Amino acid sequence: MSSLLNQAATGCETNVSSKLPHDVLHCIGDTTMMPLRNVVPSNGARILLKLENENPTGSMKDRMALAMIEAPERDGRLPPGGAVVEYTGGSTGVSLALVCAVKGHPLHIVSSDAFAREKLDHMRILGATLQIIPSETGHMTEKLTRDMIAAAGVVAERTGAYWTDQMKNTDQLAAYTILADEIWTQTEGKIDAFVESVGTAASLRGTAERLRYHDARMKIVAVEPAESPVLSGGAPGGHKIDGIGAGFIVPLWHSKVADQIELVSTEDAMAMAFRLAREEGLFAGTSTGANVIAALRVAEQLGAGATVVTIMCDTGMKYLRTYGAKLG
């Protein structure tokens with residue numbers, strides 16, 4: 001890991017002489033952990049939420065974007081000022097746009113109108129060039145994911161840009177080792193289960209491997225959309241939970257990553273996101289809603305005295321149009 005990634009893990013790392021951060025990338029990581037107070041299981045188990053919305057773009061993806069850029073910078077795959085290309089449903093693109101803006105790398109993003117408009121606008125504001133692949137239904141589907149991947153590959157081949165290729169990129173796992181160590185420290189090792197939704201599977205895999213290094217008995221629970229339960233052996237389908245549920249078995253997933261898989265529908269995930277806002281004051285995206293629903297189930301399974309940790313993946317500010325339409 002680079003010195004910058006190590007510094008990022010400690011939060012807003014400051015210049016000793018000035019007491020100011022060197023740049024915004026030094027404010028990635030070291031996010032707050034807090035217990036849910038009202039959205040809780042009936043049996044007294046504890047659910048802790050890691051507030052990844054505190055990262056600079058409001059998303060946990062800042063961690064992996066930094067790792068995916070710094071690793072190739074170190075070994076020469078990405079030269080100074082070299083261009084970068086990626087396909088993304090939104091948050092990864094915003095995070096890459098932030099990192100590339102600070103480091104001076106032109107960024108080409110392949111995305112779709114199926115995803116939150118706020119994220120697409122945020123990428124453009126940070127200087128990324130966007131290529132939008134139209135969605136047939138307005139939902140995330142296997143075909144849309146594969147079309148985006150293919151389009152990014154074409155751009156990389158045509159331009160020579162460095163393709164971060166998040167579905168296959170193992171450089172990002174180092175970022176989630178840091179996340180796991182933060183969780184372990186903040187809970188003082190008192191954690192029985194970790195619950196998280198699956199997009200590329202890098203976050204769940206990297207965090208799980210490190211938590212199991214600390215405690216081999218750790219229960220790891222994956223979450224996927226009920227409409228597209230491919231990790232559970234079901235058929236792919238369309239859903240509207242941004243950032244998860246690619247519609248096929250992603251390359252970084254393997255069967256030993258998780259001890260169990262929980263299915264959550266888009267409707268239930270959004271309802272939980274609203275509940276978190278109204279009962280906990282936490283304005284989050286739908287993937288966070290899915291995480292909390294699954295965490296509640298796991299907490300009920302484990303019983304009183306257990307501690308379950310899950311992730312607030314991003315801020316609900318990324319979904320204002322989507323949520324506004326739901327409210328009417």
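This is a predicted model: local features need pLDDT of at least 70, side-chain atom pairs count only at pLDDT 80 or more; totals for chains, interfaces and linings use all residues.
**Exercise 1.** Determine in which order the four strands of the open sheet lie, and which are its edge strands.

*Solution.* Strands of a sheet pair through backbone hydrogen bonds, either parallel or antiparallel. Step one is to read the order, which is 5-4-3-6, with parallel pairing. Step two is to find the strands that pair on one side only: these are strand 5 (129-133) and strand 6 (162-163).

**Exercise 2.** Describe how strand 3 and strand 6 pair, and name the residue that stands opposite Val84.

*Solution.* Strand 3 covers residues 84-87, and two bridges link this strand to strand 6 in the parallel sense. Within this pairing, Val84 faces Tyr162 of strand 6.

**Exercise 3.** State which strands helix 4 touches, and give its angle with strand 5.

*Solution.* Helix 4 spans residues 117-125 and packs on the sheet. The strands that helix 4 touches are strand 4 (107-112) and strand 5. The directions of helix 4 and strand 5 make an angle of about 150°.

**Exercise 4.** Identify the sense in which strand 1 and strand 2 run, and the residue opposite Met34.

*Solution.* Strand 2 comprises residues 46-51; strand 1 and strand 2 run antiparallel and are joined by three bridges. Opposite Met34 stands Leu49, in strand 2.

Conventions
Residues are numbered from 1 along each chain as its sequence is written. Side-chain values use heavy atoms; hydrogens and water are left out. Two strands pair if DSSP finds at least two bridges between them. Contact means heavy atoms within 4.5 Å. Axes are lines fitted to C-alpha atoms, for helices over the stretch in contact, and angles run from 0 to 180 degrees between N-to-C directions.
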